[in-house]
Amino acid sequence: MKAIKLYPQDTVALATADLKRGEAVVVDGQSIVLLDDIPNAHKIALKDFKEGEAIRKYDNIIGYASRPIRKGEWIHEHNEVTGLGKSKEYTYDFNPVSIFPGSSDDTFMGYDRGDAGAGIRNHLAIISTVFCANGPLKKLAKMAEEKYPAAENFDGVIAFDQQFGCSQTGQDLVTTCKIIAGIAKNANFGGVLLVSNGCEMAIPTVLDDYLGEYDRKRIRTLTLQNVEDEFEEGMRLIDEIMAEVPEMMGAEHILMNRAASQDIFQDIVDMMYAYDAYFARYGEKAADNPTQGNKAGGLTTLEEKSLGCIQKGGHCAVMEVLKYGDRATKNGFILISGPGNDLAGVSGQIAAGAVLTLFTTGRGTPCGFAGPTFRLASNTALATRKKNWIDYDAGRLLTAKTPEEVEALNQELYDAVMATVNGEYHTRTEENGYYIMGALKDGVTL
């Protein structure tokens, strides 16, 4: 199979390998002669397009022909443009095939954190609230690692340093505080030590407002300026704790029509308008989101990237919409406002309470975040080349020949995720010790 068509109404197919001009590919029983070299995972025109005509993938519009395109041509930046940039109006038209949260007999071995939920790991987190505290934080983390090495029921110490925390104001400071507080309350951390310098904008008394009600035996604070020996005091607090431990734009209409209620639909609309305003404040365009790596991998417009992202959510009904930095209160499929940037976006999900991140990649990245990251490769070449980054090779689904093979691969993935949840398998990012946290920037630095 040289090319694959994803949905019956699509007007493009995807190359499954590097293809050469003059080769023939068969799609829906029709033989198409290629008029260009087509890189792996890039788009092939299945029909002739007039200038301005819509191009469909995932059974949705991903862009428009910027010039006439012939059947068999390569479709990419040279002949396709985004449709984003114009103001939109939305109407609620619920999709009846949306799946609502159900019940299951499946259980997992986790850590009960009371109101904070259930964790799948038992880490001690040491979190800096300002860059001034990064040096002592790293030394404290090393001391704690030596005293408390990872064991059967303790997954070890993770240190999160901080680029900001000082000279911030307005919404930018609010966002940083919400992310620090949300990650501190994440159920994967059996104990948390917040390390403050004592004069930054995000001082402990300010963070308390964002932490709200929390277990004060599980989350402790060290203020460096208030103690004579920060290492002696830091280890004392650690000893006490150890005793207890934007990628929707252009595809948002699909999620809107899976909103479980009219109110949730309006929440999604408000989220989209708010993000439009965020870009406008800084004179930027959301359509510029796809990176050079995205484009090299075959993505042309933000609509196409967003539609691919949304496929990963299946057909679940949207049960709640959160602002960036807020914590989840519902079960089921939840939308969180956030950027396409991996670090800021995933940090927002973890701050909302996520204890496991499933992250698909076509080109590969070793990056870890503030919790276990289970990485799926969308192609076997990547999974083979970067075995120390990848947890599951989803590329095998392309070569599966029978429904039984597909079902076996689906079950393998489910079993691998459940093994991760139960602590029987540790992800590559965990084994590599790759952890980092970050927050969306929305303001000036004073």
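In the predicted model, Gly-364 lies in the loop that links strand E18 (357–361) to strand E19 (373–377). With a relative accessible area of 24%, Gly-364 is partly exposed, since that value falls between the limits of 20% for buried and 50% for exposed residues. When neighbours within four places in sequence are set aside, Gly-364 is in contact with Leu-382 and Trp-389.

E6 and strand E7 (residues 60–65) run antiparallel and are joined by 4 bridges. Lys-57 is positioned opposite Asn-60 of E7.

Helix packing was examined for helix H2 (residues 170–184) and helix H3 (residues 204–211), whose axes come within 9 Å and cross at roughly 70 degrees. The two helices, H2 and H3, are therefore roughly perpendicular to each other, an assignment that covers angles from 65 to 115 degrees. The crossing of H2 past H3 is right-handed. On the H2 side, the contact is formed by Val-174, Cys-177, Lys-178, Ile-180, Ala-181 and Ala-184, and on the H3 side by Val-206, Leu-207, Tyr-210 and Leu-211. Classified by residue type, the contact of H2 with H3 comprises 9 nonpolar residues, no polar residues and 1 charged residue.

Note on methods:
Residues numbered from 1 in each chain as written. Predicted model: local features only at pLDDT ≥ 70, side-chain atom pairs only at ≥ 80, totals over all residues. Heavy atoms only, no water. Axes fitted to C-alpha atoms, helices over the stretch in contact; angles between N-to-C directions. Parallel < 35°, antiparallel > 145°, perpendicular 65-115°, else oblique. Left-handed = near helix turned anticlockwise from the far one by under 90°. Contact = heavy atoms within 4.5 Å. Nonpolar A, V, L, I, M, F, W, Y, C, P; charged D, E, K, R; others polar. Pairing = 2+ DSSP bridges. Buried < 20%, exposed > 50% of the residue type's maximum accessible area, 1.4 Å probe, protein only.
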